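This briefing concerns the protein shown below.

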Amino acid sequence: MDTRIETLTEKKLLTKSLRMSLTDNKTFDLWHSFMSEKSSLKNTVGTDLYSIQLYDDPLYHKNFDPNTEFTKLAGIEVANTINIPTGFSLFTLPGGLYAVFLHKGGTSGFRRTFQYIFGQWLPGSGYVLDNRPHFELLGDRYKNNAPDSEEEVWIPIKAVHNDR
């Protein structure tokens, strides 16, 4: 799987959010609500969409339980935050170091992608997870759940320090 390391600069996003778990997945409801009102947003930067996960437990992936709740946000970057429409919130996506993976295909393949990231790549990478948001960048090659859809999976990382 293609992997690259990127330093993300801080971004201001207008978002909608929902609490959910993987067993009580409300992603469709969240994106339906977001997309139905996206045209009312002003000062957007580009067309890329952000699907962001905020985990209460920094060890969410290590202690994985599909019933554990987290907050998911649907968002788009904006140039300024002067007018925030009703129903939307301002979210600052903090900058920092990220490992970026290209996921191809629909949502059914995400399990395989995450197994690779957290089971193979991360343990041998020289990096550890950082306690910042995880997100998927849905760009122009994203086609919802189509077999030829592509999206980038951004995982927050920091270098492992050897104190010798």
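The accessible surface of the protein amounts to about 9,500 Å², and carbon and sulfur atoms contribute 49% of that area. These values are computed from a predicted model.

**Charge and burial**
- The protein carries 18 positive and 20 negative side chains.
- The centres of the positive and negative sets lie 1 Å apart.
- Of the 164 residues, 39% count as buried.

**Fold and dimensions**
- The secondary structure consists of 2 helices and 9 strands.
- Along the sequence, these elements follow the pattern β-β-α-β-β-β-β-α-β-β-β.
- The radius of gyration is 16 Å, which agrees with the value near 15 Å that a compact globule of 164 residues would have.
- The C-alpha trace spans about 50 × 35 × 30 Å along its principal axes.
- Among contacts with a separation of 6 or more, 77% join residues 24 or more positions apart.

- Glu77 is located in strand S4, which comprises residues 70–78.
- Glu77 counts as buried because its relative accessibility is 16%, and the cut-off for burial is under 20%.
- Once neighbours within four places in sequence are set aside, the contacts of Glu77 include Lys11, Lys12 and Leu13.
- Glu77 is also in contact with Asn43, Thr44 and Val45, as well as with Tyr50.

Terms used. Residues numbered from 1 in each chain as written. Predicted model: local features only at pLDDT ≥ 70, side-chain atom pairs only at ≥ 80, totals over all residues. Heavy atoms only, no water. Helix = DSSP H or I, 4+ residues; strand = E, 2+ residues; numbered from the N terminus. Rg over C-alpha atoms; globule rule 2.2 N^0.38 Å. Buried < 20%, exposed > 50% of the residue type's maximum accessible area, 1.4 Å probe, protein only. Contact = heavy atoms within 4.5 Å. Areas by Shrake-Rupley, 256 points an atom, 1.4 Å probe, with all protein chains shown as cover. Lys, Arg positive; Asp, Glu negative; His and termini not counted. Charge placed at Lys NZ, Arg CZ, Asp CG, Glu CD.
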